[in-house]
Amino acid sequence: MDSTAAAATARAAAARPTSPSRPRTKPRGLDEETCAATPNRAPSAATTSAAASPADAMDPRVWAALPDDLLIEVLARVPPFLLSRLRAVSRRWGTVLRGGDPSFLAAHAAAPSHGPCLLAFTRGTPPHCGALSLPLRARYRLPLTFLPAWDLCLVGSSGGLVCLAGSDGAAFRTIICNPLTQAWRVLPGMHHNHPRQLVLAVDRKLRCYKLIAAASDDKTLPTEVYDSREDKWSVHQMMPAANLCSSKMAFCDSRLYLETLSPLGLMMYKVDAAHWEHIPAKFPRSLLDGYLVAGARRRLFLVGRIGLYSTLQSMRIWELDHGKTIWVEISRMPPKYFRALLRLSAERFECFGQDNLICFTSWNQGKGLLYDVDKKAWSWIAGCASQLCNTQFCFYEPRFDTSVF
C-alpha cells in the first residue's frame, strides 16, 4: 500500500475533534457520514489550509518524525478493519499494529467504540465469515482459515471475541477467537461434555470472559460456567424443571434469561451467585413467537408477533419492568415494514440485539431491519439476509487487543 495514502487514512482519523459540549462520544467512522450530511457548512481554516497544500500536509517526512505517543494515539482511532492495511507502511508501524506494543493496545481499548457491526457466519469447510460495519456502511471479509477444519456453528460474540462450537469428529468442542488478530484457543471440555446452548460474556474491566452452558435437551445436565481467569469449567446448580418455550437465551447485567411455559414466565440465572430463580412475568396475550433480547445494562426486551389471523398480525416490542415483573409495550413495527419483512403469515424470522439495537431477519427478505430503541427509528440494512439455513448473524464489536486471552 502506498505510504502517502496510508498516512492520509491515519491522519483523517486523528483529525476528528471531540466537542466538549457533547456528552456522548461519537463512534469511530461516523465523521464522514456527518460531514456529508451538512454540505452547506462553511469550511474551517484548518480544512482550507489542508486543501490548499495537500502535498505539504501529507509529507511522509512529517509522519516519519511523529513522536511515538502521537502515532499511537492516531492509529488507535483508525477503524479496526483498516489497521491491517497500515502494517506495510513501515517497520515502525508494523511493530505497533501487530499487537506487540502495550501502549497501542491500551490506547485502542480506551478509544471510542467503532460502532455496531453485524457478523455473518456461514457454516462450511472452511467456514465463511464477514462483518458489516454500520457506521462505515462497508463490508469486510474475516477469514477463518486459521481455525481447525471442524463442523462449527456460531454461538455469539462479546467484547471483540467470537465463540464457535461444534464437533471435531469425536467430541463437542468450543473455540474462542478474535477474527481481527486471528488469536484463538480451544477451551477445555466440560464436565458433562454434551452439546449445549452457550452464552459468551466478556468483562473488559477485569480482562476476562465467561461462557455459560445452560439449556439442553437433556434436563438432567447441570449448569456449567467457564472462567478464563481459572481456565476451567465449574459445575453449578441444575436448572429447576421447566418447560422451555425455546432454547433462545438473553444475557444482561450478569443474568441469564430463558422463556418458560411451565412455570409460566422466565427462568433467571444469576452468574455471580450461581443461582436459578423463577420470574412470574406473564407473556402478552396472543403472542405467537417471542424472542428475548438483551439491551444495555439491565434492559430486557421481548420481541414477537401478536394476532391469530394473518390480517391482524403485528410485530411488537415489550420491556420487562423488573419491579412489577410485567411486560410493558414500548414499540410496534410499522405495517409497511412488517409486510415487507414477513410476506407470509407463517414465515419464519430471526431476531437478535445488543446495546438497545434490535435486528430482524427473515428467510425470504434480502435485507435486515434495524430498530434503535433509544431513537425509536426503523431502517433497512442491505445484504443482511438469512436465505441460507447455515448462515447465522449476531452483533459484533471489532476489537484489536488480546488482553482478555
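Q: What makes a residue a contact of Y396, and which residues does Y396 touch?
A: Contact means heavy atoms within 4.5 Å. Leaving aside residues up to four places away in sequence, Y396 touches F81, P116, C117, L119, A131, L142, S157, G160, V162, N178, P179 and L180. Keep in mind that this is a predicted model, where local features need pLDDT of at least 70, side-chain atom pairs count only at pLDDT 80 or more, and totals for chains, interfaces and linings use all residues. Residues are numbered from 1 along each chain as its sequence is written, and side-chain values use heavy atoms, with hydrogens and water left out.

Q: Why is K375 called exposed?
A: The cut-offs are relative accessible areas: buried is under 20%, exposed is over 50%, and partly exposed is in between (1.4 Å probe, protein chains only). K375 comes out at 63%, so exposed it is. K375 sits in the loop between β22 (367-372) and β23 (377-382).

Q: What makes a set of residues a nonpolar core, and which members touch the most others in the largest one?
A: The members must be buried Ala, Val, Leu, Ile, Met, Phe, Trp, Tyr or Cys, joined through side-chain atoms within 4.5 Å. The largest such core has 40 residues, and L75, F81, F104, L119, L142 and Y396 touch the most other members. Helix α6 (residues 68-76) gives the largest share, five residues. Apart from this core lies another, of 19 residues, among them Y291, I317, I358 and F360.

Q: How do you know that β13 and β14 pair?
A: Two strands pair if DSSP finds at least two bridges between them, and a strand is a DSSP run of E with at least two residues, while a helix is a run of H or I with at least four, numbered from the N terminus. Strand β13 (residues 255-262) and β14 have six bridges, in the antiparallel sense, so they pass.

Q: Why are β16 and β19 at the edges of their sheet?
A: The open sheet runs β16-β17-β18-β19, with antiparallel pairing. β16 (287-294) and β19 (326-332) each have a single partner strand, so one side of each is left without a neighbour in the sheet.
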